[in-house]
Amino acid sequence: MEELIHKLKEQIISTLNLSDITPEDIDADAPLIGGGLGLDSIDTLELIVLMEKEYGATVPDVNVGRKVFSSVRALAQYIHDNRTKN
Amino acid sequence: MHAAGFIQGCSAVHQSGRYSARGGHAAWEQNQQGPLDVQRKQVYEQPLPEFGKLQCADKLAFSAAAMLFGELSGIDRTDFGICLGTVYGSLSTDIRYMESLVAGYPRPAYFSATLPSSPVAEVAIRFGIKGPNRVVCGGACPGLSALDCAFGILRKNKAPAALVMAINALEAADRSSALIGPAQFTEPYAYALLISAGRWEKGLNRRFVFEGEFHDRGMTLAGDESYFLDMILAIILRRQCRIAVESAGFEGSLSIEKD
């Protein structure tokens, strides 16, 4: 799981082109959206595309989405449980 | 038309480097190709994770505005106007979005910036500007049309000052696009001027006169609008100048008067 968390941090930084941020700066348990990373609803959509493209994991509705994007750890857990691509 | 006012701040992000009224000129680093490679720390002091997310036109607009406002502390920007003239608008981002769509994974971040007005929104949000805004996209000299719009806003007392921006944000890969004629290639740039109708207690207060006639605003002939850079250089060097402009879209002059 820790390996996936680290990979996700790197993918978040590269996919969203975040400046001034390294994987070590991202707290795996901190809120992903609306926190210090400055992520917004467009970024959430970008992450949904990333999940589907890279891991084959989809978010079926808003309630699931709220849980999935609550933190990097929650995102990693969801991908671990729902991925269809390796 | 004849319009006069005061320039209170200016900046440029240009192939030859970055320019601002108080900071003068700074060249690009060796590994930087030019304006589209601009780094956050070169234009804005505070960390800003969102900087890298900005699409090319938005990034150029933010960079020029950040340099300009970075030299104007203690002013209330809330009611300022913003007028943008842009040659190709968001064309490069439009192309990136279409490429992602064709690849099967349309990118929301590209889609949200596929509007010529997107740079105005970014600047307004980041710098807390809520006054009127105008966008002129295309034409022979959209930056001058934006300047004309800004004077209109000031004349009607709709804003105490107006940020005028002229931007060309076409990425290198798109300059050979069939959408654009070969004679119209220009390097990316962003110019920004902050103009007010009257003098400010603390400001650059460079008196500025804009006069002449617009001909055909509908004709798209992308020049580099380098008269803006000439004006900015005159301000940096504290010189007066009169720049004659004779293009397909405008004939007249821009004058910076004696300091």
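## Two crossing helices in chain B

In this predicted model, helix 2 of chain B, which spans residues 56-70, and helix 5 of chain B, which spans residues 118-127, have axes that come within 8 Å and cross at roughly 40°. Helix 2 of chain B and helix 5 of chain B are therefore oblique to each other, and their crossing is right-handed.

The residues that meet here are B:Ala57, B:Asp58, B:Ala61, B:Phe62, B:Ala65 and B:Phe69 from helix 2 of chain B, and B:Ser118, B:Pro119, B:Glu122, B:Val123, B:Arg126 and B:Phe127 from helix 5 of chain B. Sorted by class, this contact between the two helices is made of 8 nonpolar residues, 1 polar residue and 3 charged residues.

## The nonpolar cores

The largest nonpolar core has 76 residues, and within that core B:Ala64, B:Ala162 and B:Met165 touch the most other members. Helix 2 of chain B, already described for its crossing with helix 5 of chain B, supplies the largest share of this core, with 11 residues.

## Where the chains meet

Chain A and chain B are in contact through 13 residues of chain A and 13 residues of chain B. On the side of chain A that touches chain B, the residues divide into 7 that are nonpolar, 3 that are polar and 3 that are charged.

## Two individual positions

A:Glu10 belongs to helix 1 of chain A, which covers residues 2-15, and A:Glu10 is exposed because 12 other C-beta atoms lie within 10 Å.

B:Gly34 is found in the loop that runs between strand 3 (24-26) and helix 1 (40-43) of chain B, and B:Gly34 counts as partly exposed, since 16 C-beta neighbours lie inside 10 Å. Not counting residues up to four places away in sequence, B:Gly34 touches B:Gln15, B:Trp28, B:Glu187 and B:Pro188. The C-alpha atoms of B:Gly34 and B:His14, which are 20 residues apart along the chain, are separated by 7.0 Å.

Key
Residues numbered from 1 in each chain as written. Chains lettered and ligands numbered in written order. Predicted model: local features only at pLDDT ≥ 70, side-chain atom pairs only at ≥ 80, totals over all residues. Contact = placed C-beta atoms within 7 Å. Nonpolar A, V, L, I, M, F, W, Y, C, P; charged D, E, K, R; others polar. Axes fitted to C-alpha atoms, helices over the stretch in contact; angles between N-to-C directions. Helix = DSSP H or I, 4+ residues; strand = E, 2+ residues; numbered from the N terminus. Parallel < 35°, antiparallel > 145°, perpendicular 65-115°, else oblique. Left-handed = near helix turned anticlockwise from the far one by under 90°. Core = buried A, V, L, I, M, F, W, Y, C linked by C-beta atoms within 7 Å. Buried ≥ 20, exposed ≤ 12 C-beta atoms within 10 Å, placed from the backbone.
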